[in-house]
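Student: Hi! Could you walk me through this one?
Tutor: Happy to; here it is.
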Amino acid sequence: MNITYEFVTGEKIEIEVNEDIAKISIEIEKKIYNNNQKESRRHNSIDSMEEAGFQFEDINNGIEVKVEEAEVTDEVKNAIKTLIPNQQDLIEKIFYKDMKIVDIAAYEGVTEAAIRSRLNKIYRKLKKILS
């Protein structure tokens with residue numbers, strides 16, 4: 001029986017071998033072929049999938065945005081820590097406890113305008129710190 005052997009250089013020669021070696025060679029070729037088929041079925045390139053219409057989210061952009069948001073949040077928290085305790089308490093009531101200005105004014109026994117004035121003073125101070 002004859003088998004074809006291909007060298008790394010691309011040169012092909014035909015060799016005459018006995019039947020046992022030919023069967024082993026054919027079996028090896030089948031296993032190599034089957035393994036290559038398994039690998040190609042399991043792996044898809046992202047480029048070929050995008051060409052087929054699949055869309056993938058770029059997770060790097062999401063990470064960058066989250067890091068930037070975290071940095072800004074840390075800056076704001078640090079700026080709030082520089083306020084006096086009464087100002088920190090007012091910020092906490094407004095932004096963390098979701099209290100209304102009307103309710104805070106009633107609780108403290110002052111006018112809404114007084115609370116708004118305090119908030120404006122706090123905003124100016126925070127703006128100056130964060131600039």
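Tutor: We can go from the overall fold to the core and then to the helix contacts.

Student: Great. What should I know before reading the values?
Tutor: This is a predicted model, where local features need pLDDT of at least 70 and side-chain atom pairs count only at pLDDT 80 or more, while totals for chains, interfaces and linings use all residues. Residues are numbered from 1 along each chain as its sequence is written, and side-chain values use heavy atoms, with hydrogens and water left out.

Student: How many helices and strands does the protein have?
Tutor: There are six helices and two strands, where helices (H or I, at least four residues) and strands (E, at least two) are DSSP runs numbered from the N terminus. Along the sequence the pattern reads β-β-α-α-α-α-α-α.

Student: Is the protein a compact globule, or more spread out?
Tutor: More spread out: its radius of gyration is 37 Å, well over the 14 Å that the globule rule gives for 131 residues. The radius is taken over C-alpha atoms, and the rule is 2.2 Å times the number of residues to the power 0.38. Along the principal axes, the C-alpha atoms fill a box of roughly 105 × 30 × 25 Å.

Student: And what share of the residues is buried?
Tutor: Buried residues account for 13% of the 131. Buried means under 20% relative accessible area, exposed over 50%, and partly exposed in between (1.4 Å probe, protein chains only).

Student: OK, new topic. Which residues form the largest nonpolar core?
Tutor: It has twelve residues: A79, I80, L83, L90, I91, I94, I104, A105, I115, L119, I122 and L126. Such a core is a set of buried Ala, Val, Leu, Ile, Met, Phe, Trp, Tyr and Cys residues joined through side-chain atoms within 4.5 Å.

Student: Which helices supply it?
Tutor: At least two residues come from each of α3 (59–81), α4 (85–96), α5 (101–108) and α6 (112–130). The most come from α6, with four.

Student: What does I94 touch?
Tutor: Setting aside residues up to four places away in sequence, I94 touches M99, I101, I104 and L119. Contact here means heavy atoms within 4.5 Å.

Student: How do α4 and α6 pack?
Tutor: At an angle of about 105°, with their axes 11 Å apart. The axes are lines fitted to C-alpha atoms, for helices over the stretch in contact, and angles run from 0 to 180 degrees between N-to-C directions. The two helices are therefore roughly perpendicular; angles under 35 degrees count as roughly parallel, over 145 as roughly antiparallel, 65 to 115 as roughly perpendicular and the rest as oblique.

Student: Who meets whom there?
Tutor: Q87, L90, I91, I94 and F95 in α4 meet I115, R118, L119, K121, I122, Y123 and K125 in α6.

Student: Is Q87 buried or exposed?
Tutor: Q87 counts as buried, at 11% relative accessibility. Beyond its neighbours within four places in sequence, Q87 contacts K121, I122 and K125.

Student: What about K128, buried or exposed?
Tutor: K128 is exposed, with a relative accessible area of 71%. It lies in α6.

Student: Last one: where do the axes of α5 and α6 cross?
Tutor: They come within 8 Å and cross at roughly 110°, which makes α5 roughly perpendicular to α6. In this contact, I101, V102, I104, A105 and E108 from α5 meet E112, I115, R116, R118 and L119 from α6.
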